[in-house]
Amino acid sequence: MMSTLRSHRLAWLLIMALAGCANPVLREAEELTRTNQLPQAHAVLEKALSQTPTDAALRAAEMRTREQLNARLLMQIEGLRASGRWDEAREAVQRLRELDPRHPRLVWFEAEIARGQSQESKLAEARRHLRENRLTRAEALAHEIVAETPSHPGARLLLAQIAQARPLEALTGELGAAFQKPVTLEFREAPLRQVFEALARSSNVNFVFDKDVRADAKVTVFLRNVSMDEAMRVILSTQQLDRKLLNDSSVLIFPNTQGKQREHQELITRTLYLTNADVKQVQAMVRTIAKVRDIHIDERLNLMVVRDTPEVMRLVEKLIASVDLPEPEVMLEVEVLELATDRVDALGLQWPSEVQYGLPGVTGQVALGQRDNFRASVANPALVATVRGTSGNVNLLANPKLRVRNREKAKVHIGEKLPVFTTTSAVNVGVSASVTYLDVGLKLDVEPTIQLDNEVIIKVGLEVSNLIRQVSGPAGSVAYQIGTRLTSTSLRLNDGETQILAGLINDEDRRTANGVPGLSTLPVLGRLFGVQTDTRNKTEVVMLITPRIVRNLALPDSGLTRLPGGTDAMPGAYSSRMRNEARAGVGLSGGAQARPGSVSTAPSATPVAPAAAEAEVALKLDVTPQVAAGGVVSVTLKHDSAFSVKGEIEFDPSKLQPAQASAGTAATGRLPFELTPRGERVLVLRVLPAAAGQVVNIGVGALSAAGLNGETPPVRLDGTGMVAVEAAR
């Protein structure tokens, strides 16, 4: 037999060797593949196949090598895309095209590489806008990237940074520098048109009025230390008006009515692709919270098309970003053991069960005269002593590992299906049989719920069944007697904690006696007249379950969960809240005599408030309201008291720099000054490139006043130092 096997093996090796000698190209390609030279191996096979295209072995080897090379190139392209090495990724795609011109992922890779480069430039631009405090523009660019690639890590990180930089009550949109100029308004019962004309002259902003705007409506307003945009929003909100930006320096004013909103408000349409959330649930949320006008969903692509105002669209995008999160997943490591112990003890003397009296070795009839030869006999051996004991331990182990989504059910069945036949009889039909299957073995049902604190609630159902015996029914039908142990519970475990479920015990204890009737059942002496057998069977089912969280819910930044919702009439609109340092007073129109108003781009030195105490020194601050990028700002300080005043000019050293100062002053951002009684001083600050397109603030601190007799009255500062810097051209 061994020689036959050896001869077959040698014959097979000889055939393989002859095949390799017949086609050395295969051997060469195999050597190149073994040394990790797949391109060279494919080139050798491709060249050989072009010469002998009918060789099936060459064709199979070439296809196998091409698939391996394709898989390697795909992995390489994915890695280059993830690291942002676009030129190398494009070269790898070109190699894939040369290898397989009809590969289905070629077009997708080309589009993704072009998109990745575009997104990288957009992300760099958005980060620059964030550094320059242009939050709305940076957010818009980040949303464009997320709309194309929802899982883009750089864009999502940027959105989180923007949410942290922006307060909950967003003040305004991204308006031009002309709308950020500081103004002071003092009007009492002035016509609306007059107020806007004064604003237009002071800020170079053009105002266009709808034909239904009442230009003779009376306005009473007192505003100090507010920007042009804040002043305009206060006036519009008190007069039931709204605005529409035509360009960076032109505004359309129209009545805030439903009809005018439909006529003048521009709508935008966005197609939003959802990655994880259910589009139907998101649709219900968006309708309830954002009150969108037009919405359409496509369940096949899990997308949503929304048409509404830019403010509502911004709210919709943030709402979707807060719920479109991947579901948690957990890996459940389960071990199910069935511990079985079998023990059999047999001890005693086995007596013969039959006693014979007659002639040995003779069958049939025997003459009575031969009775002297009759002998009594028993089976040989006459007496048997039985001393036997057996024991066994059986461990049946099932060790499945289940990866389950949050709140989803997972099932495991390890065992077999037993057929059960059922027969039915009917008139004129006869007897028909049907078969059903009965599950026997181990059944495990689990349903995890992952908590935010990395704990897992698991609903567990365990059933262990085994076949006891087969039961015959009428008409030849067959049934089975099944033993079942069942448990169901709910656990709460930490990540990585192991819980043991045990106690499903089946204990069987039997005792039998085989021997002389009556005597074999005696408690102690019975073992001398028979064999007593003790059987002990015990089985226990033990289950160990360990949850390991693969991915928990990644909560979004708090800036995406706390959103300004606008008003009930205008969801998503910007808040009307002004800066904390702004002062405003708006009076009701009445029949009082109109009083001329005033407006200035520099803060007024005469506030509408009760006069301060005579001992208080009023220091007037006046700055150049608007300068070009790279220009200079004149800071004028003066007072009319008989005291000397000291203090420091405070500014951002990264945006402003004194025209003539030491290096220490430029670094600290503080420039000291001293004014003589009724004195005036002008300080000059140079605007740095980093301040282009922003509104910078110049403050005054460490103020103190001193008189000739040692008096130290308090100092009150009138005016603010807000400077609008034009964007660089």
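**Questions on a predicted model**

Biologist: How does Pro 191 count at 25% relative accessibility?
Modeller: Its relative accessibility is 25%. Buried means under 20% relative accessible area, exposed means over 50%, and partly exposed lies in between (1.4 Å probe, protein chains only). So Pro 191 counts as partly exposed.

Biologist: What kind of model is this?
Modeller: Residues are numbered from 1 along each chain as its sequence is written, and side-chain values use heavy atoms, with hydrogens and water left out.

Biologist: Which residues does Pro 191 contact, leaving aside neighbours within four places in sequence?
Modeller: Pro 191 sits in strand E1 (residues 182-191). Strands (E, at least two residues) and helices (H or I, at least four) are DSSP runs, numbered from the N terminus. The C-alpha atoms of Pro 191 and Lys 218 are separated by 4.6 Å, although the two lie 27 residues apart along the chain. With contact meaning heavy atoms within 4.5 Å, the partners of Pro 191 are Ala 215, Ala 217 and Lys 218.

Biologist: Where in the protein chain is confidence lowest?
Modeller: The mean pLDDT of the protein chain is 76, and 76% of its residues reach 70 or more. Residues 1-22 stay under 50, and the model has two contacts for them beyond four places in sequence. Where pLDDT is low, the predicted coordinates should not be read in detail. The lowest mean is 43, in helix H1 (residues 2-22).

Biologist: How many aromatic pairs does the structure hold?
Modeller: Rings of Phe, Tyr and Trp (its six-membered ring) pair if their centres lie within 6.5 Å; planes under 30 degrees apart count as stacked, over 60 as edge-to-face and the rest as tilted. By that rule, the number of pairs is three.

Biologist: How are the rings of Trp 108 and Phe 109 arranged?
Modeller: Trp 108 is partly exposed, at 38% relative accessible area. Phe 109 is buried, at 0%. Their ring centres are 5.3 Å apart, with 65° between the planes, and the pair is edge-to-face.

Biologist: Which elements hold Phe 196 and Phe 209?
Modeller: These two rings also form an edge-to-face pair, 5.5 Å centre to centre and 80° between the planes. The pair links distant parts of the chain, 13 residues apart: Phe 196 is in helix H9 (residues 192-203) and Phe 209 in strand E2 (residues 206-209).

Biologist: Which residue lies over the face of Phe 209?
Modeller: Phe 209 is partly exposed, at 24% relative accessibility. Phe 196 is buried, at 2%. A charge sits over a ring if NZ of Lys or CZ of Arg is within 6 Å of the ring centre and within 35 degrees of the ring normal. At 5.2 Å from the ring centre of Phe 209 lies Arg 193.

Biologist: What separates the C-alpha atoms of Ala 290 and Leu 319?
Modeller: Ala 290 lies in the loop between H12 and E7. It is buried, with a relative accessible area of 0%. Leu 319 is 29 residues from Ala 290 along the chain, and the C-alpha separation is 8.8 Å.

Biologist: Which residue of E28 stands opposite Val 635?
Modeller: Five strands form an open sheet in the order E26-E28-E24-E22-E30, with mixed pairing. Strand E24 (residues 632-638) and strand E28 (residues 680-687) pair in the antiparallel sense over seven bridges. Opposite Val 635 stands Leu 683.

Notes. pLDDT = per-residue confidence, 0-100. Pairing = 2+ DSSP bridges.
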